[in-house]
Amino acid sequence: MRASQFFIGTTKEMPNDAEIVSHQLMIRAGFIRRLGSGLYTWMPLGLRVVRKIEAIVREEMTAAGALELLMPAVQPAELWEESGRWEKYGPELLRVNDRHDRAFCVGPTHEEVITDIVRRDIRSYKQLPVNFYQVQTKFRDEIRPRFGVMRSREFIMKDAYSFDIDEAGMQQSFNKMHTAYTRIFDRIGLDYRAVDADSGSIGGAASTEFHVLADSGEDAVVYSTGSDFAANVEKAVAIATGERASATADMSRVATPGVHTVPELAEALDVPTTRCLKTLLVVGADEKHPVVALCVRGDHELNDIKAEHLPEIAEPLTFADAAAIKQVANCDAGSIGPVGLTIPVIVDATAALMADFVCGANENGAHLRDVNWGRDLPEPIVQDLRNVVEGDPDPTGTGTLKIVRGIEVGHIFQLGTTYSEALKASVTDEDGKPQTLQMGCYGIGITRVAAAAIEQNHDDKGIIWPRAIAPFEVVVSPIHAAKSEQTRVAAEALYEELRDAGFDVLLDDRPLRPGQMFADMELIGVPHRFVVSDKLLAEGQVEYRGRNDEEATLLRREEALEALRKSAS
């Protein structure tokens, strides 16, 4: 490809609305252009990256036995009503009506559609297992689109769906996809972790997320220093260690005017936050107990996902309003405590080990100190309620936990019969009896992978693409070619040689000064660069520089191809 015949829309201007590096660099490098809130056009350079990611994904999905199809982006409401997700999915689902006033949605995912296809066309266990996938544009009406294509409303996704006769088969399909995803992200060249995760709005029994590690990641990823354990922080089990100490003092009431938060309480009473108990009131799951109290240690944070999964708690997790708090605890939110409450009190396992702790007195401007379980209030109902913190024990008992930031780029689910039962998708088994299908689903955010790669690989000059997904692998940069026939011919010859050898080459034949030419290619993130000039040719040389190299290297002209092969291997 010749740069003079290609659109390279780089700019030095920093976009005002770009909060993270990938958004900034994608705009500056001319990879994307904003159309509206959460809507972006992929420009020619950016689309080359997207297509290379798609190609790797397709190759590995095909190698794993998956079959590509393409489903409609617009889906009838009836299917979503059958699955129960028409209302449950929430406002992210973009609902539209056609001219006949029939309801549809723009698909954020395709579980309903693929299950409808399978229930119509797959009749016998002999047609199983089967795994269908597509690469398609999705739409989710994010309440606050941000970070460019990282959290946009419209995005490109690979979604796959497996169908099996039993749970053992589903597990095998899930394992195949896990292996395929590992190969995909290895080939792309990303530093990532596969972690246990919550299934969220998709549903199902178990799921695994794939996170690209980056300081800008929205998710906290937990891994063990001594085992293979890894999980999203929302899923990681928090292990309570040690034993509860004996009480050393009688409970007493203390005045705490103006104190509403744990840090304020710790400072006012000169106690560590580890001796403070935080009590939160949430909406209960039934009319008998419309409000439930949740307690965690003062230095810990409630894990909303863990709490939401408790049978006593309404889904989605909703905190009690001021009126409900007043009715149950007779105080404002900053003064709630478990002593004397007549509602269910569920306590985090670590908080259940506390002794002589400080908590709200259920009276504004007052707290209780030296409170003890089993003496001043009943022994608690104990559950895992908190987020893990760095240094917590690994659940396997072989190490401690570390926490890093991650960007979710893939998620695989064991759905079981969540959708096949709702949509009545079954086959006849070996005995001729109907058997509800076991299902899995597997997603990769294609456009998000591109952004995550930039978040992980960049410097002050621009993007540092992994070679496998760079818009071009190598650029040939002739200096003042318009003034030198020798330089132009030599650059053309090198360009053709590298291209014939199978490399994706850009010949930068634009009439630019060397500094601007080089700056553009560094911003765009081309991994390899060769410079051709009259001065170099007089010595029989070309200049080579890798995108990560601190210094350029002079090579004999005939060594250029072999040097590139070694550098690119």
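Colleague: Which way do strand 4 and strand 6 pair, and over how many bridges?

Modeller: This is a predicted model. In it, strand 4 and strand 6 (residues 103-106) pair in the antiparallel sense, over 3 bridges.

Colleague: Which residue is the bridge partner of Pro76 in strand 6?

Modeller: Phe104 is the partner of Pro76.

Colleague: Next, the hairpin. How many bridges join strand 1 to strand 2?

Modeller: There are 4 bridges between strand 1 (residues 32-36) and strand 2 (residues 39-42), and the two run antiparallel. Gly36 sits opposite Leu39 of strand 2.

Colleague: How many residues lie between the strands of that hairpin?

Modeller: The hairpin has 2 residues between strand 1 and strand 2. Gly38 takes a positive phi there, near 70°.

Colleague: On to helices. At what angle do helix 1 and helix 11 pack?

Modeller: The angle is about 105°, and the axes of helix 1 (residues 21-28) and helix 11 (residues 446-456) are 8 Å apart. Helix 1 is therefore roughly perpendicular to helix 11.

Colleague: Which residues meet in that contact?

Modeller: From helix 1, Val21, Ser22, Leu25 and Met26. From helix 11, Ala450, Ala451, Ile454 and Glu455. The contact of helix 1 with helix 11 divides into 6 nonpolar residues, 1 polar and 1 charged.

Colleague: Is helix 11 mostly covered or mostly open, and how many of its residues are buried?

Modeller: Helix 11 is mostly covered, with 10 of its 11 residues buried. Among them are Arg448 and Glu455, along with Ala450, Ala451 and Ile454.

Colleague: Switching to Asp164. Where is it, and is it buried or exposed?

Modeller: Asp164 lies in strand 8 (residues 154-164). Asp164 has 4% relative accessibility, so it counts as buried.

Colleague: What does the side chain of Asp164 make a polar contact with?

Modeller: The side chain of Ser173, at 2.7 Å.

Colleague: And what else does Asp164 touch?

Modeller: Leaving out residues up to four places away in sequence, Asp164 touches Leu128, Pro129, Gly169, Met170, Ser173, Leu437 and Gln438.

Colleague: What about Asn372? Which loop is its place?

Modeller: Asn372 is in the loop between strand 18 (366-371) and strand 19 (381-383). Asn372 is buried, with a relative accessible area of 3%.

Colleague: Which residues is Asn372 in contact with?

Modeller: Setting aside neighbours within four places in sequence, Asn372 contacts Ala247, Ala249, Ala355, Asp356, Phe357 and Leu377.

Colleague: Last, the whole protein. How many helices and strands?

Modeller: The protein has 15 helices and 30 strands. Its C-alpha trace spans about 95 × 70 × 50 Å along the principal axes.

Colleague: What share of the residues is buried?

Modeller: Buried residues make up 53% of the 569 in the protein.

Colleague: And of the contacts between residues at least 6 apart in sequence, how many join residues at least 24 apart?

Modeller: That share is 69%.

Key. Residues are numbered from 1 along each chain as its sequence is written. This is a predicted model: local features need pLDDT of at least 70, side-chain atom pairs count only at pLDDT 80 or more; totals for chains, interfaces and linings use all residues. Side-chain values use heavy atoms; hydrogens and water are left out. Axes are lines fitted to C-alpha atoms, for helices over the stretch in contact, and angles run from 0 to 180 degrees between N-to-C directions. Angles under 35 degrees count as roughly parallel, over 145 as roughly antiparallel, 65 to 115 as roughly perpendicular and the rest as oblique. Contact means heavy atoms within 4.5 Å. Ala, Val, Leu, Ile, Met, Phe, Trp, Tyr, Cys and Pro count as nonpolar, Asp, Glu, Lys and Arg as charged, and the others, Gly among them, as polar. Buried means under 20% relative accessible area, exposed over 50%, partly exposed in between (1.4 Å probe, protein chains only). Two strands pair if DSSP finds at least two bridges between them. A polar contact is a pair of N or O atoms within 3.5 Å; within protein, one must be able to donate a hydrogen and the other to accept it, and residues adjacent in sequence count only if both atoms are side-chain atoms.
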